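Please look at the model shown here and consider how the parts of a protein chain can meet. The report that follows begins with the place where they touch and then turns to the whole.

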Amino acid sequence: MSHDLKKYSRITQSIHAGQHVDEATGAVAPPIFQTSTFAFSDCRQGADRFAGAEDGFIYTRMGNPTVARLEEAVATLEGGAAGLATGSGMGAFCTVIFALMNAGDHLVGTSSVYGPSRVVMERDFSRFGIESTFVDTSDLDAVRAALRPSTTLVFVETPANPTVVLSDLQAIAEIAHEHGALMLVDNTFASPILQRPFELGTDIVMHSMTKFINGHTDVVAGMIVPSTDELRARIKPAHSYLGACMDPHQAWLVLRGLKTLAMRVRTAQDNARRVAPFLEAHPKVEWVRYPGLDSHPQHELAERQMDGPGSLISFEVKGGIEAGARLLDNVELMTLAVSLGGIETLIQHPPSMTHAAMSREDRLEAGITDGLVRVSIGCEDADDLIGDLEQAFAKV
Ligand code: LCS
């Protein structure tokens with residue numbers, strides 16, 4: 001596939017990006033180069049590859065042909081300069097921080113963010129003198145107020161995990177750049193099908209590909225996409241040395257999952273567009289937050305910034321945590337499990353699960369109430385999903 005994919009839609013790109021017919025065999029599906037190392041023809045070639053004077057593979061932690069296809073595919077979909085694949089989404093986040101931040105630097109981040117992304121900053125990177133402040137990034141004044149002279153990175157997750165609150169990427173990119181800081185966006189919840197942060201001024205995009213990009217709940221994986229070659233060059237040494245690299249077989253599975261990204265995202269979204277109003281109308285539901293509902297505080301921003309509201313919904317059952325637990329203990333078709341963005345519907349309780357490592361005070365400030373339930377709507381039949389919720393609510 002040598003033609004320029006830029007002229008095609010993201011839907012077509014998700015099927016064709018990174019796909020090249022294998023020159024040696026004609027194989028249409030990508031070969032799995034399950035090797036840790038690559039032979040040099042002579043000492044000069046080995047030295048040239050290490051010196052960067054010759055392109056070519058050296059050692060799989062530093063690069064691998066199967067992994068490279070996935071890096072190319074996701075970079076194409078995001079519209080970035082390159083991809084750097086990692087063994088997990090946390091590997092992607094930690095690699096960016098390790099690569100770009102120094103002792104004395106400060107990060108401003110979204111308060112409602114995947115719990116460990118915040119905890120690793122506050123508990124671990126702080127031990128190396130890297131400071132952080134997490135604020136409600138849907139409030140631009142709060143972003144401005146949190147900036148310090150030492151702020152070098154602004155980290156935004158939108159839609160946010162687990163509250164599904166949205167932040168205005170274009171406005172925050174302007175604020176960050178005026179300040180001389182870079183912006184990193186975690187695009188996991190939207191996927192490149194629904195949101196393209198580079199078109200809004202972002203510098204680096206990251207993904208937990210464990211979620212929508214792979215989509216089959218069978219791989220943990222991450223990706224960093226820098227917007228420029230210069231940023232790629234700044235991140236690449238940390239990517240090679242930190243060790244959060246990707247295995248070729250893992251890359252092959254994600255390449256396979258990626259081919260159905262667009263259809264999975266759209267089917268799950270169609271389902272969520274039916275489940276969210278059902279929840280909102282249910283007498284046992286206290287509140288629902290879904291970007292596709294008029295009641296979402298940033299419904300207008302969702303329409304402007306995203307190509308669709310996605311398939312993550314947060315809500316609270318009347319009666320708080322006990323009532324929510326009754327619901328979760330009684331679903332039959334939905335699976336009580338963390339993670340999201342898979343083909344099947346997963347439901348969980350963030351305060352006691354994904355966001356349990358955050359303090360209760362930080363959670364409440366971030367809008368993660370004690371009774372909040374998060375559901376990642378999958379690709380089952382919408383009537384079956386609503387029926388499952390109906391029977392579970394009857395037991396609450
Ligand atoms: N970013 C977001 C937005 C996430 O939701 C997650 C994981 C990560 C980064 C980290 O990626 P990982 O290392 O797991 O590939 N989110 C999870 C969640 O909400 N439930 O379980 C994992």
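## The buried interface

Between them, domain 1 and domain 2 bury about 3,300 Å², and 63% of this area lies on carbon and sulfur atoms. Of the area that domain 1 buries against domain 2, 22% is supplied by Leu166, Leu194 and Phe212, which is more than any other three residues give. The size of an interface is often expressed in this way, as the accessible area lost when the parts come together. The model is a predicted one, and the values in this report should be read with that in mind.

## The two domains

Domain 1 covers residues 10-258, and domain 2 covers residues 261-393. The contact draws 44 residues from domain 1 and 39 residues from domain 2. When the centres of domain 1 and domain 2 are taken over C-alpha atoms, 26 Å separate them.

## Polar contacts and the side of domain 1

On the side of domain 1 that touches domain 2, at least two residues come from each of the helices α1 (10-16), α5 (115-124), α7 (169-178), α8 (191-194) and α10 (248-258). Helix α5 gives the most to this side, with five residues. Sorted by class, the side of domain 1 that touches domain 2 holds 21 nonpolar, 18 polar and five charged residues.

## Salt bridges around Arg118

Across the interface of domain 1 and domain 2, three salt bridges are found, while a search of the whole structure finds 15. Which side chain meets that of Asp362 in a salt bridge? The partner is Arg118, and the distance from N to O is 3.4 Å.

The side chain of Arg118 also meets that of Glu122 in a salt bridge, with 3.2 Å from N to O. Both Arg118 and Glu122 lie in helix α5, where they are four residues apart, or about one turn of the helix.

## The protein as a whole

The protein has 15 helices and twelve strands, and its C-alpha trace spans about 75 × 50 × 35 Å along the principal axes. How does the radius of gyration relate to that of a compact globule, and what is its value? For 396 residues a compact globule would have a radius of gyration near 21 Å, and because the protein has 21 Å, its value agrees with that expectation.

Note on methods. Residues numbered from 1 in each chain as written. Predicted model: local features only at pLDDT ≥ 70, side-chain atom pairs only at ≥ 80, totals over all residues. Heavy atoms only, no water. Domains from an automatic or database assignment. Contact = heavy atoms within 4.5 Å. Buried area = accessible area lost by both parts, 1.4 Å probe. Salt bridge = Lys/Arg side-chain N within 4 Å of Asp/Glu carboxyl O. Nonpolar A, V, L, I, M, F, W, Y, C, P; charged D, E, K, R; others polar. Rg over C-alpha atoms; globule rule 2.2 N^0.38 Å.
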